[in-house]
Amino acid sequence: HFFAFFSGFILLSFLCEYLVESMAFASADLFRKMRLTEPTEHSIEKRRELERQRKERVFDPKARTIGVDKDALDAQVEEQARLKMLEKQRDEFYANQAVQMDQHALFLGAREEEARREMARDVSDYRQTYQKKEGAREWDLNDPARVRGGLPARVGDADPRCGASSMQRFYGEDLDAPDRKRRQQEQMRKWLEQQVDEKNVRKWLAEDGSQARKDWEDEVAQRASDILHEVQAQRRAAAKATADFNQALAQQKRDEKTRQRRQETLDNCEEIRNWLSSDLLTENPLSTLNAQDPTRFKRYHMKGMPPEMKQAILNEQAAQRDELRRRKEAEALEEKVWAQQSQKLWEQSHSELASREAMRKAAVQRLVEEQQQQASAAAARAKRLNQTYENDVTDEWWSKFNTTSR
């Protein structure tokens, strides 16, 4: 809006100045036409007075060579000063208008920037309130805590996700270690309880008597021995089961490797037999023919051509050589004809150019002669005019100078 208003204001000022100058020029032109069309006695007398004053200035050597019209120069200086003052006032007005417009534009820009910031704050608040990341459809993919909150790679030994390629269970792994540790801890707890009971029994036996204490000690020792034997038997059974499982697993691996080597040997022998009987090594000519078109060959499986096809190709090449020789002979004959035709055309054009050059030289000679005749006639006419209008300069002719200022 500011630039539109400023441009309109400048255009309006230029239009007003143009209208004022046009009216001034029209008035001056009209006045001049009225003076020319309807001269009055006053206007004639004024013109005579102006002519007399001008003759005094023009015919006065001192005023013409040294003096100047000071009044006219002062008037010009005042006019220039007035024009400069008007120009300065107009520039100051335009500068004030520009400053006001700039201030208004800055105010509008600041208000627009404030509105933009307010809108950005509203959008940010709306997003923080109603468009959180947790409510997005893809939050389960972008959640940084999804790994911590998900299931582990292996829940237990019976986890169906732990397949052969899961890299979670391996042969020879001690999977019963937690259970065994738990049972050992339970056994240790029982032993501690037994030790506590033994201490209590010893205390009671010490109090009740040595015989009862001895009987109780024998019973406790027997019970401990039985428990120890039972634990050792369980350990031996577990170690034997583990050793048997490892031996069976090792034997299974050896058998699997043996079977794989045997199968690989059989496959290699079969591949050798296939290659020995293949069309590539036997170079079967029938394998080079196309299945859809027997007259075409497979470019990637070419094994040579039959003799009749080679002879056909040689015959075709000989025919092509004969055709090429005949074509070259025809072209040579045609070029010879064209050369003869070009020679004839060149001779004709050369003769035509020679005739045109002769005609041009004759025309130039006639033109030179005609110009010489015209020059002789012009010299005679000038001589005759000089003799006819010859005259002497007298004082009467010189007295006509300095009689008017025009």
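Let's start at Y126, which counts as partly exposed at 46% relative accessibility. That label sits between two cut-offs: buried is under 20% relative accessible area and exposed is over 50%, with a 1.4 Å probe and protein chains only. Y130 is exposed, at 62%.

A word on the source. This is a predicted model, in which local features need pLDDT of at least 70 and side-chain atom pairs count only at pLDDT 80 or more, while totals for chains, interfaces and linings use all residues. Residues are numbered from 1 along each chain as its sequence is written, and side-chain values use heavy atoms, with hydrogens and water left out.

Now, aromatic rings. How many aromatic pairs does a search of the whole structure find? Two. To pair, rings of Phe, Tyr or Trp (its six-membered ring) need centres within 6.5 Å; planes under 30 degrees apart are stacked, over 60 edge-to-face, and the rest tilted. Take F93 and Y94. Their ring centres are 6.0 Å apart and their planes stand at 50°, so this pair is tilted. F93 is partly exposed, at 36%. Y94 is buried, at 17%.

Back to Y126, with Y130. Here the centres are 5.0 Å apart and the planes are at 40°, so this pair is tilted. Y126 and Y130 are four residues apart in helix α4, about one helical turn. Helices here are DSSP runs (H or I, at least four residues), numbered from the N terminus.

Next, salt bridges. The definition: a side-chain nitrogen of Lys or Arg within 4 Å of a carboxyl oxygen of Asp or Glu. The whole structure has 23 of them. Let me show you three.

One joins R82 to E79, with the closest N and O atoms 2.5 Å apart. Why are R82 and E79 about one helical turn apart? Because they are three residues apart in helix α4, which covers residues 70-130. R82 is partly exposed, at 44%. E79 is partly exposed too, at 34%.

Another links D179 and R182, with 2.4 Å between the closest N and O atoms. Both lie in helix α7, residues 177-208, three residues apart, about one turn of the helix. D179 is partly exposed, at 32%.

Then K240 and D244. Their side chains meet at 3.2 Å, N to O. Both are in helix α8, four residues apart, about one turn. Is K240 buried or exposed? Exposed, at 54%. D244 is partly exposed, at 36%. Salt bridges can also share partners: E112, E113, E114, R116, R117, E118 and R121 are joined that way into one network.

On to surface charge. Which residues gather in a patch of positive charge on the surface? K253, K257, R261 and R262. Patch residues have over 30% relative accessible area and no salt bridge; like charges are joined within 9 Å, and nonpolar side chains (Val, Leu, Ile, Met, Phe, Trp, Tyr) within 5 Å. K257 lies in helix α8, residues 210-276. K257 is exposed, at 52%.

Last stop: K55, in helix α2, residues 41-59. K55 is partly exposed, at 29%. How far apart are K55 and N402 in sequence and in space? In sequence, 347 residues; in space, 9.4 Å, C-alpha to C-alpha.

Conventions. Accessible areas come from the Shrake-Rupley method with a 1.4 Å probe; for residues, only the protein chains shown count as cover. Lys and Arg count as positive and Asp and Glu as negative; His and the chain ends are not counted. The place of a charge is taken as NZ of Lys, CZ of Arg, CG of Asp or CD of Glu. Helices (H or I, at least four residues) and strands (E, at least two) are DSSP runs, numbered from the N terminus.
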